[in-house]
Amino acid sequence: RQIKELFVSFEDTPLGAASLAQVHKAVLQDGRTVAVKIQHPKVQAQSSKDILLMEVLLLVVKQIFPDFEFMWLVEEAKKNLPLELDFLNEGRNAEKVAHMLRNFDFLKVPRIYWELSTRRVLLMEFMEGGQVNDRAYMERNGINVNEISRNLGKLYSEMIFVNGFVHCDPHPGNVLVKKCPASGKAHIILLDHGLYQVLSESFRMDYCRLWQALIKADMKRVQKYSRRLGAGDLYPLFACMLTARSWESVNRGIDRSPVSATEDVEIRSNAAAYLPQITQLLNNVPRQMLLLLKTNDLLRGIESALHTRANASSFLNMSRCCIRAVSTYQRSKSHSLYRRAQISLTEALSLWQINLYELFLWLKGSQLGNWVIALLSRMHHST
């Protein structure tokens with residue numbers, strides 16, 4: 001059907017363009033404003049040739065440099081590219097994640113208009129906002145930067161640790177923020193649902209326990225669960241890659257202090273020095289880990305732009321999700337009513353401890369907390 005049959009207006013200039021598709025703003029005959037995602041004409045035919053060329057080039061490089069372990073790139077491209085090229089799959093992912101995270105009132109996922117969507121054209125509800133890494137935009141619009149960073153962390157912790165269904169392309173163009181004029185609340189708008197990673201239960205549990213160990217600086221458990229996730233003797237490097245912290249910071253506790261400029265330089269230098277070990281590690285870990293590493297890296301980039309990196313609240317949210325996920329798993333494996341009640345009680349106590357610690361941190365950073373500390377200090381000196 002012709003554009004004029006479907007739309008009252010259709011903006012020729014795309015709002016954004018990427019390697020697979022571009023997005024246009026349009027108005028339907030019934031007055032609804034929509035975003036129209038259109039696949040580039042030759043992408044489907046060209047993609048198989050691109051993958052074949054990538055495979056040949058990597059095989060050639062592998063012959064010249066035997067330590068070069070990047071054949072997993074081809075395996076991932078073969079698996080993920082056909083899914084990304086199917087826009088109906090993207091629409092299903094969008095609806096699934098919107099339903100899965102419906103309890104988060106700050107999350108907005110564009111509605112899909114199925115009656116006008118195909119594998120190569122996707123029509124969605126039109127949503128706009130500033131990019132999630134645009135601190136200046138947030139300050140101009142009265143959006144709390146720390147709240148956005150905290151809510152983004154909640155969102156991804158829930159996806160990774162609790163649901164095992166993860167949006168794996170959170171670059172700033174796909175994550176928008178906007179203040180709702182009616183409620184005054186800041187919304188996070190999640191776009192581009194073509195690339196998701198589904199985590200197996202066993203992988204998700206090991207990953208939960210690894211992050212719990214990293215947050216608690218429990219090195220024995222860090223080693224145990226890193227090995228279970230394929231890191232082998234390279235577990236210190238694996239821990240550093242996951243957290244983007246130095247081994248010294250991992251040992252001390254990643255929530256104890258933010259990343260310093262010196263540590264950042266050290267990490268970059270080591271990344272270059274340990275490139276062969278990094279490629280070996282990427283080749284050995286489960287394929288589910290690869291997109292998670294990419295996702296972690298993109299989220300850290302957003303936190304760095306917002307100056308909220310290594311914020312204590314993000315680790316507290318991760319801890320909550322890990323506790324809930326592990327407890328749910330343990331209950332599902334237990335046939336004893338007493339044991340299930342015991343697990344639920346332990347879970348409640350652990351979550352209560354986190355809430356108490358969060359309250360302590362809030363009081364410590366608030367004016368009321370400073371007043372209480374000053375009062376106690378004066379009382380101590382007077383006695």
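Leaving aside its neighbours within four places in sequence, which residues is F68 in contact with?

**View 1. Surroundings of F68 in a predicted model.** F68 is in contact with L58, V61 and K62 once its neighbours within four places in sequence are set aside, where contact means heavy atoms within 4.5 Å. The residue lies in the loop between helix 2 (43–64) and helix 3 (72–85); helices (H or I, at least four residues) and strands (E, at least two) are DSSP runs, numbered from the N terminus. F68 counts as partly exposed because its relative accessibility is 27%, given that buried means under 20% relative accessible area, exposed over 50%, and partly exposed in between (1.4 Å probe, protein chains only). A separation of 30 Å is found between the C-alpha atoms of F68 and A261, which stand 193 residues apart along the chain. This is a predicted model, in which local features need pLDDT of at least 70 and side-chain atom pairs count only at pLDDT 80 or more, whereas totals for chains, interfaces and linings use all residues. Residues are numbered from 1 along each chain as its sequence is written, and side-chain values use heavy atoms, with hydrogens and water left out.

**View 2. Packing of helix 6 and helix 13.** Helix 6 (residues 145–163) and helix 13 (residues 287–306) pack at an angle of about 170°, their axes being 10 Å apart; axes are lines fitted to C-alpha atoms, for helices over the stretch in contact, and angles run from 0 to 180 degrees between N-to-C directions. Helix 6 is therefore roughly antiparallel to helix 13, a term for angles over 145 degrees, with under 35 counting as roughly parallel, 65 to 115 as roughly perpendicular and the rest as oblique. From helix 6, V145, S149, L152, Y156 and I160 meet L292, T295, L299, I302, E303 and L306 of helix 13.

View 3. Strand 7 and strand 9 (residues 175–179) run antiparallel and are joined by two bridges, and Q131 stands opposite L176 in strand 9.

Conventions: Pairing = 2+ DSSP bridges.
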